Amino acid sequence: MNRIVHKVSCAIALLRSQYINFPDNPEEIRRTQLEFYRRAKFPRVVGAIDCTHIKLWQSPSGDTAERFRNRKGYYSLNVQAICNANLEVMDVVARYDGSTHDSRIFRESKRRALFEQGVYGDALLVGDSGYACTSYMMTPLHECYTPAEQLYNESQIRTRNPIGRFFGVWKRRFPIMALGLRVKLIRVFPIITATLVLNNIARRAGEEVPRGLEIILPAPWEEILAQDDIPNEYMDIPNPTQRRVKHQNRERQVLLTVILRGK
């Protein structure tokens with residue numbers, strides 16, 4: 001049975017390039033930005049980014065096994081995803097062990113390199129405070145001192161909300177992503193990719209998330225999903241007040257003006 005599941009998962013995972021795509025031309029980027037803008041008037045956003053943990057029931061073998069143990073004490077992969085406003089995954093990185101910080105995964109990703117090269121023009125990503133604020137990554141302010149800054153935070157949080165919802169929808173549609181995988185590590189990667197491909201197909205077909213599944217859960221869904229959410233604070237920031245005046249936050253000031261005009 002495991003071999004059949006593996007073969008089918010690999011076959012579906014090969015469809016990744018057809019169903020998991022990041023906007024790469026001006027028309028697609030603009031359409032994605034408009035979908036995000038309609039949520040909370042936050043301009044230029046092309047994707048919401050975050051990481052989630054996929055539990056591994058089998059201890060990875062070898063000298064590096066303990067690197068897969070996350071801060072909550074269980075073995076996992078830390079999976080980075082970028083989604084659009086329709087809860088479709090557009091980019092995924094699923095090769096890092098559970099102890100890896102979210103910011104490192106993004107820092108070493110191909111997507112960041114493309115943003116650094118200016119491939120996406122002035123498009124932005126929105127993420128939580130686990131990421132560094134840059135000219136293309138907008139994160140929330142640690143402290144708000146003016147109504148404009150409060151409005152920025154509210155808009156930023158509402159705009160990045162789809163990534164949290166995406167993780168919830170994905171794991172409810174495929175409970176194994178929330179309950180954990182009991183296969184060898186080498187077989188985990190195609191299973192993750194296959195479920196993401198199927199999730200995008202289901203979203204585009206307008207299928208509802210299955211409810212009332214006849215499975216026995218070890219805890220309520222909310223508790224299970226919360227176990228996979230391990231917040232990170234960006235580690236290279238001395239303090240919130242310094243963060244507010246750094247060069248990269250000039251981009252925030254521009255966005256504050258645009259958001260105020262849109263309200």
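Where is D50 found? D50 is found in strand 1, and the tour ends there.

This is a predicted model: local features need pLDDT of at least 70, side-chain atom pairs count only at pLDDT 80 or more, and totals for chains, interfaces and linings use all residues. Residues are numbered from 1 along each chain as its sequence is written, and side-chain values use heavy atoms, with hydrogens and water left out.

Show N25, which caps the N-terminal end with a side-chain oxygen 3.1 Å from the backbone nitrogen of E27. Just after helix 3, K41 takes a positive phi of about 60°.

**Its two faces.** Colour I29, T32, Q33, F36 and A40, the buried residues of helix 3 (under 20% relative accessible area, 1.4 Å probe, protein chains only; exposed is over 50%). They cover an arc of only 100° around the axis, which puts them on the same side of helix 3. On the face turned away, pick out the exposed E27, R30 and R38.

**Strand 1.** Among what covers the buried residues is strand 1 (45–55). Its D50 is buried without a salt bridge, and the nearest side chain of opposite charge, R160, is 6.1 Å away (a salt bridge needs a Lys or Arg side-chain nitrogen within 4 Å of an Asp or Glu carboxyl oxygen). D50 touches residues including D102, D128 and Y131 (heavy atoms within 4.5 Å).

Definitions and conventions
Helices (H or I, at least four residues) and strands (E, at least two) are DSSP runs, numbered from the N terminus. The arc is that of the directions from the helix axis to the C-beta atoms. A polar contact is a pair of N or O atoms within 3.5 Å; within protein, one must be able to donate a hydrogen and the other to accept it, and residues adjacent in sequence count only if both atoms are side-chain atoms. Lys and Arg count as positive and Asp and Glu as negative; His and the chain ends are not counted. Lists of a residue's contacts leave out its neighbours within four places in sequence.
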